[in-house]
Amino acid sequence: EGGEGKATGKRPREEPWEATGLPEAAPAGEEARACAPGESASAEAGAPGTSALAEAPPSPTAAFLTRVAHDEARGRFALPLEGTLGESELLYELRPGPGGGPAVMDVVHTGTPEEARGKGYAAVVTAAALDHALGRGWRVRASCSYVRDRFLGEPRRRARYPAGFVVD
């Protein structure tokens with residue numbers, strides 16, 4: 001694909017939110033593929049954590065989280081985008097927890113309109129959804145490849161959530 005936002009080896013890659021003012025954006029092009037419902041989830045090992053989100057490092061995403069709308073009846077989080085770009089969305093299914101444990105938010109899809117990708121919108125919607133799940137005492141299954149591989153694959157984002165929060 002194109003070289004936009006890719007490291008060249010000549011100098012460290014600048015984070016897009018530093019130039020655009022958007023928080024915790026994925027490198028350009030990394031939001032380009034929205035996951036499809038039914039993608040397999042990856043395994044996460046670890047004992048249930050006792051950390052709370054309040055104990056996590058502060059995130060510059062916090063200011064943007066207030067713009068995310070949650071439609072619990074539809075299992076949907078959405079961030080309205082500027083102008084006529086539409087919305088960035090995350091869809092989930094709430095499932096009973098294994099063995100009567102905490103409920104599991106199964107994140108099955110994230111999507112951002114093509115012309116708005118690579119600017120961090122999916123990261124904002126994902127952070128809002130995961131923060132909501134954590135606040136409710138739920139666990140998260142990252143069936144969506146963006147959430148599993150890109151969002152939670154980044155150590156600085158993963159560090160916001162306690163061990164055991166993400167399940168198979």
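Before the first stop, a definition: two strands count as paired if DSSP finds at least two bridges between them. Keep in mind, too, that this is a predicted model.

Start by selecting residues 69–71, which are strand β1; three bridges join β1 to β2, and the two run antiparallel. Now click D71: its bridge partner in β2 is R76. The hairpin of β1 and β2 has four residues between the strands, and there you'll find G75 with a positive phi near 60°.

Next, carry on along β2 towards β3. These two strands also run antiparallel, with five bridges joining them. Pick L79 and look across: S88 in β3 stands opposite. The β2–β3 hairpin has six residues between its strands, and G83 in that turn shows a positive phi of about 60°.

While β2 is on screen, how many of its five residues are buried? Four are, so colour this strand as mostly covered.

Time for the rings. There are two aromatic pairs to visit. Show F77 and Y92 first: their centres are 5.8 Å apart and the planes make an angle of 40°, a tilted pair. F77 sits in strand β2 (residues 76–80) and Y92 in strand β3 (residues 87–95), so the pair ties together parts that are 15 residues apart in sequence. F77 is buried, with a relative accessible area of 3%, and Y92 is buried as well, at 6%.

Last stop: select Y161 and F165. Their ring centres lie 5.3 Å apart with the planes at 10°, so this pair is stacked. Both Y161 and F165 are buried.

How values were computed
Residues numbered from 1 in each chain as written. Predicted model: local features only at pLDDT ≥ 70, side-chain atom pairs only at ≥ 80, totals over all residues. Heavy atoms only, no water. Phe/Tyr/Trp six-rings, centres within 6.5 Å; stacked < 30°, edge-to-face > 60°. Buried < 20%, exposed > 50% of the residue type's maximum accessible area, 1.4 Å probe, protein only.
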